[in-house]
Amino acid sequence: MTFNELSLIQPILKAVADRGYTEPTPIQGKTIPLILKRKDVLGVAQTGTGKTAAFAIPTIQLIHQIEKKNPGKPILRSLIVTPTRELAIQIDENIKAYSKYTNVKHAVIFGGVKQHRQVEALRHGVHILVATPGRLLDLIDQGYISLKTVKMFILDEADRMLDMGFINDIKKLLKLLPAQRQSLFFSATMPDNIVQLSRKILKDPIK
């Protein structure tokens, strides 16, 4: 299988080719078509298997197709939550690479630094927001972010999220997200507590 067989649009195929990608990894080949069909997905994948591209590429495509005719300020359509600053930056850099031939705007927010630059990016409007839980809830509380327009919610590295004590933050976020949304859930392992969490987030997911 090649990326050309995954129903991807030309701007994304061009960006993927720029990265030297030719064949999708197993997680990419399985999940990209499902996400493009707007299915909820439960993905079990280790770090280093190409998981970020598996959710970022179809997310960019769906948003590009919906928003390309909207000339106004970008509206938040996709929220990607990940446990660490390093992972958040890495995901955002990948989104930048995959979306460079589209009109999709994105930003990343995380704690441990001053919030001014992150708030400025949000003020200009973004389609995709990558965030760590603490800074995300902080900026929501301050009124800088509303999740009411989110169509896609992606929880990455769910097992690490729970190991790091973020379960209550995730529960708070779930209350703020629209009930009508597409959800994607990725974890390297699937112990019982992760299975229980996935059931609260996903509707009829394909594993």
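1. A word to start with: contact here means heavy atoms within 4.5 Å. Please also keep in mind that this is a predicted model.

2. Setting aside neighbours within four places in sequence, Ile57 is in contact with Phe3, Leu8, Ile12, Val16, Ile32 and Tyr98.

3. Now to the wider setting. The largest nonpolar core holds 35 residues, and those touching the most other members are Phe3, Leu8, Phe55, Ile57, Ile80, Ile95 and Leu184. Two or more residues each come from helix 1 (10-18), helix 2 (26-36), helix 3 (51-67), helix 4 (85-98), strand 4 (128-131), strand 5 (152-155) and strand 6 (182-187). Helix 3 gives the largest share, eight residues.

4. There is another core to find as well. This second one is separate and has 33 residues, among them Ala131, Leu139, Ile194 and Leu202. As general background, nonpolar side chains in soluble globular proteins tend to be buried together.

5. Strand 5 deserves a look from both sides. Which of its residues are buried on each face? Met152 and Ile154 are buried on one side, and Phe153 and Leu155 are buried on the other, so that both faces of the strand are covered. In a regular strand, side chains alternate between the two faces of the sheet.

6. Finally, the partners of strand 5. Strand 2 (residues 78-81) pairs with strand 5 in the parallel sense over four bridges, and Ile80 stands opposite Ile154. Strand 6 also pairs with strand 5 in the parallel sense, over four bridges; there, Gln182 is the bridge partner of Met152.

How values were computed: Residues are numbered from 1 along each chain as its sequence is written. This is a predicted model: local features need pLDDT of at least 70, side-chain atom pairs count only at pLDDT 80 or more; totals for chains, interfaces and linings use all residues. Side-chain values use heavy atoms; hydrogens and water are left out. A nonpolar core is a set of buried Ala, Val, Leu, Ile, Met, Phe, Trp, Tyr and Cys residues joined through side-chain atoms within 4.5 Å. Buried means under 20% relative accessible area, exposed over 50%, partly exposed in between (1.4 Å probe, protein chains only). Two strands pair if DSSP finds at least two bridges between them.
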